[in-house]
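Hello,

Here is the structure I said I would pass on. My notes on it follow below.

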Amino acid sequence: MHATPDDSPVLVRREGRAGHLVPNRPRAINALNHAMVRIMADALDAWERDGAVATVVLTGAGERGLCAGGDIRSIHDDVRAGRATASAAFWHDEYQLNARIARFPKPYVAVMDGIVMGGGVGVSAHGSVRVVTERSRVAMPETGIGFVPDVGGTYLLTRTPGELGTHLALTGTAVGAGDALLCGLADHFVPSERLREFTAALAGAEAADVVRQYAAEAPAGELAGHREWIDHCYAADSVEEIVDRLHACGDRHAKEAAETILAKSPTSLKVTLAALRRARELPSLEAVLDQEYRVSCAALGSPDLPEGIRAQVVDKDRRPRWSPAELGQVTEADVARFFEPMDGDSLGLL
């Protein structure tokens with residue numbers, strides 16, 4: 001595949017035996033849009049067939065992070081304008097890209113430096129070689145915008161130790177390198193000061209050899225020390241009971257988690273918990289992505305998604321008015337609607 005121009009939203013280039021993908025919207029922390037997903041998918045198609053490319057390397061432009069997620073402002077604008085089909089089409093191709101990355105037959109080295117959230121997790125944490133640094137902040141923060149973890153996030157978060165994934169999904173908490181490794185969201189730690197050397201070395205050597213040369217011991221995380229209350233509280237069958245257990249267990253961090261959860265969209269919280277529990281029983285990433293696609297498309301008809309994006313990104317007043325406003329007002333039928341089979345299209349992965 002030919003190199004892209006410097007103003008392309010994804011820079012695509014070859015360095016020796018490595019094909020480089022660089023999301024290139026640094027002012028938006030490289031937030032993904034539909035054009036970027038298509039460019040990345042086309043590059044992977046070309047490089048899979050190209051015997052001169054041995055490794056794919058994903059890094060983000062700028063200093064702030066790999067990717068802050070999907071371009072949620074455009075989703076807000078689509079919903080407000082009654083053009084929700086554009087967002088559904090974006091997710092359709094984005095989730096297919098997530099599955100493509102997970103099954104890519106060559107080493108896919110994702111450098112998860114800085115902010116890696118939402119869609120950024122989708123294009124990195126399904127890779128075969130996932131590198132974090134001391135600057136990494138990895139999160140699935142969707143419940144704060146009236147949405148539900150997607151891009152295979154519910155697959156990844158149900159495969160963490162104990163109930164750590166449920167904690168991260170409901171609270172939207174960002175974790176550093178040590179906790180990303182503990183949760184299985186990353187594989188290796190490389191100090192940020194060595195990233196330039198690390199990625200340059202991939203031009204001429206096998207990815208596994210380069211990782212062995214540059215990987216170091218990660219800074220200690222925090223979650224391991226909280227496993228007792230996390231595993232007990234988040235094993236509950238409802239969000240209400242989870243919150244009750246968090247308040248009752250006596251740990252300051254648990255109480256803070258409860259307050260964090262109560263600020264999120266009640267509908268999103270309940271749908272997220274249901275999605276996680278269902279994802280545990282599904283046999284593959286593809287099956288989970290198919291479920292997430294149904295849930296995401298259903299969210300386009302929920303008032304909380306445009307409202308959450310408005311409050312966090314558009315007006316930035318940080319005061320979303322959720323509807324319904326209380327957990328107890330969200331019924332089982334409200335939650336079930338998100339999982340109903342869709343008319344017509346699916347991802348076509350199964």
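**Helix packing and other points**

The crossing of α2 and α15 is left-handed. Please keep in mind that this is a predicted model. Two packed helices are described by the angle between their axes and the distance between the axes. For helix α2 (residues 72-80) and helix α15 (residues 304-314), the angle is about 135° and the axes are 9 Å apart. That angle makes α2 oblique to α15. On the α2 side, the contact is made by Ile72, Arg73, Ile75, His76 and Val79. On the α15 side, Leu305, Pro306, Ile309, Arg310, Val313 and Val314 take part. Sorted by class, the residues of this contact are eight nonpolar, one polar and two charged.

Helix α6 (residues 164-171) and helix α13 (residues 266-281) have axes that come within 10 Å and cross at roughly 150°. Angles over 145 degrees count as roughly antiparallel, so α6 is roughly antiparallel to α13. The crossing of α6 and α13 is right-handed. From α6, the residues Thr166, Ala169 and Leu170 meet Leu269, Thr272, Leu273, Leu276, Arg277 and Arg280 of α13. In the contact of α6 with α13, five residues are nonpolar, two are polar and two are charged.

Helix α13 also holds Ser268. Is Ser268 buried or exposed? Its relative accessible area is 2%, and buried means under 20%, so Ser268 is buried. Not counting residues up to four places away in sequence, Ser268 touches Thr143, Gly146, Phe147 and Val148.

Next, the nonpolar cores. The largest nonpolar core has 89 residues, and the members that touch the most other members are Leu21, Met40, Trp91, Tyr108, Tyr234 and Leu246. What does Trp91 contact, leaving aside its neighbours within four places in sequence? The residues are Ile75, Phe147, Asp150, Tyr293, Ser296, Cys297, Leu300 and Leu305. Two of these names have come up already: Ile75 of α2 and Leu305 of α15 are part of the contact between those helices. Phe147 is also one of the residues that Ser268 touches. A second, separate core has 14 residues, among them Val129, Leu202, Val210 and Val211.

Between β2 (18-23) and α1 (34-49) lies Ile29. Phi of Ile29 is near 50°, a positive value in a residue other than glycine. With a relative accessibility of 10%, Ile29 counts as buried.

The loop between α15 and α16 contains Arg318. Arg318 is not a glycine, yet its phi is positive, at about 55°. Its relative accessibility is 48%, so Arg318 counts as partly exposed. Pro324 is also placed in the loop between α15 and α16 (332-336). Which kind of peptide bond joins Ser323 and Pro324? The bond is cis, with omega about 0°.

Asp251 has a relative accessible area of 25% and is partly exposed. In sequence, Asp251 and His226 are 25 residues apart, while in space they are 9.3 Å apart, C-alpha to C-alpha.

Regards

Definitions and conventions:
Residues are numbered from 1 along each chain as its sequence is written. This is a predicted model: local features need pLDDT of at least 70, side-chain atom pairs count only at pLDDT 80 or more; totals for chains, interfaces and linings use all residues. Side-chain values use heavy atoms; hydrogens and water are left out. Axes are lines fitted to C-alpha atoms, for helices over the stretch in contact, and angles run from 0 to 180 degrees between N-to-C directions. Helices (H or I, at least four residues) and strands (E, at least two) are DSSP runs, numbered from the N terminus. Angles under 35 degrees count as roughly parallel, over 145 as roughly antiparallel, 65 to 115 as roughly perpendicular and the rest as oblique. A crossing is left-handed if the near helix is turned anticlockwise from the far one by less than a right angle, and right-handed if clockwise. Contact means heavy atoms within 4.5 Å. Ala, Val, Leu, Ile, Met, Phe, Trp, Tyr, Cys and Pro count as nonpolar, Asp, Glu, Lys and Arg as charged, and the others, Gly among them, as polar. A nonpolar core is a set of buried Ala, Val, Leu, Ile, Met, Phe, Trp, Tyr and Cys residues joined through side-chain atoms within 4.5 Å. Buried means under 20% relative accessible area, exposed over 50%, partly exposed in between (1.4 Å probe, protein chains only).
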